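Biologist: Before we discuss this model, I would like each term set against its definition. Could we begin once the structure is in view?

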Amino acid sequence: MKGKVGIGKLALYGREYLVAVRPHENGIVMHTLHHAAEIRGMDSVEELNSVPSKVRPEEVKLAKQVIETFEAPLNLKDYKDEYREGLQQIIDAKIEGKEVVAPEVEAPPKVVNLMEALKRSLDSVSAKKKAPAKAIVANGKAAAPKRKRA
């Protein structure tokens, strides 16, 4: 059955889901899918109209550096359902008779220049984690990337 995928419907939590079932190792895996009506076309996303059609080389280099900084093997044990844990804490507090008060949510600061914010973020993470990636110059030798100082 390798290479085959079954498509079907699943009723769960009072809702019907479109699913794909496929073989995986010694068992089968089920993935939930989206119905066509749930997917917007790229042309209907207005924000994409303001995205430039050409990307500057320094933006590509910065994007690669950001990805390399956070690149690591996937370990699903590192991820927790924080919503469920928080909800369980609230339930436990109510059972104990404690008053539950929602914390005040601070408004995130507005980012005026995304490139500068990414560079600052990358610099702070890179300093803790590892040295920046090396770039290959025209003569084939590795050279450390030049950094601008703020």
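**Terms and values**

Modeller: Tyr 83 is exposed, with a relative accessible area of 64%. This is a predicted model, in which local features need pLDDT of at least 70 and side-chain atom pairs count only at pLDDT 80 or more, while totals for chains, interfaces and linings use all residues. Residues are numbered from 1 along each chain as its sequence is written, and side-chain values use heavy atoms, with hydrogens and water left out.

Biologist: Why is Tyr 83 called exposed?

Modeller: Exposed means over 50% relative accessible area, buried under 20%, and partly exposed in between, with a 1.4 Å probe and protein chains only; Tyr 83 has 64%, so the word exposed applies. Buried residues make up 8% of the 150 residues in the chain.

Biologist: Where does Tyr 83 lie, and which residues make the nonpolar surface patch?

Modeller: Tyr 83 lies in helix 2, residues 82–95, a helix being a DSSP run of H or I with at least four residues, and a strand a run of E with at least two, numbered from the N terminus. The patch, of about 450 Å², is made by Tyr 83, Leu 87, Ile 91 and Ile 95.

Biologist: What makes strand 1 and strand 3 edge strands?

Modeller: Three strands form an open antiparallel sheet in the order 1-2-3, and strand 1 (6–12) and strand 3 (27–33) each pair on one side only. Pairing requires at least two DSSP bridges between two strands; seven join strand 1 to strand 2 (residues 15–24), and therefore these two count as paired. Within this pairing, Leu 10 stands opposite Tyr 17 in strand 2.

Key:
Patch = residues over 30% accessible without salt bridge, like charges linked within 9 Å, V, L, I, M, F, W, Y side chains within 5 Å. Areas by Shrake-Rupley, 256 points an atom, 1.4 Å probe, with all protein chains shown as cover. Salt bridge = Lys/Arg side-chain N within 4 Å of Asp/Glu carboxyl O.
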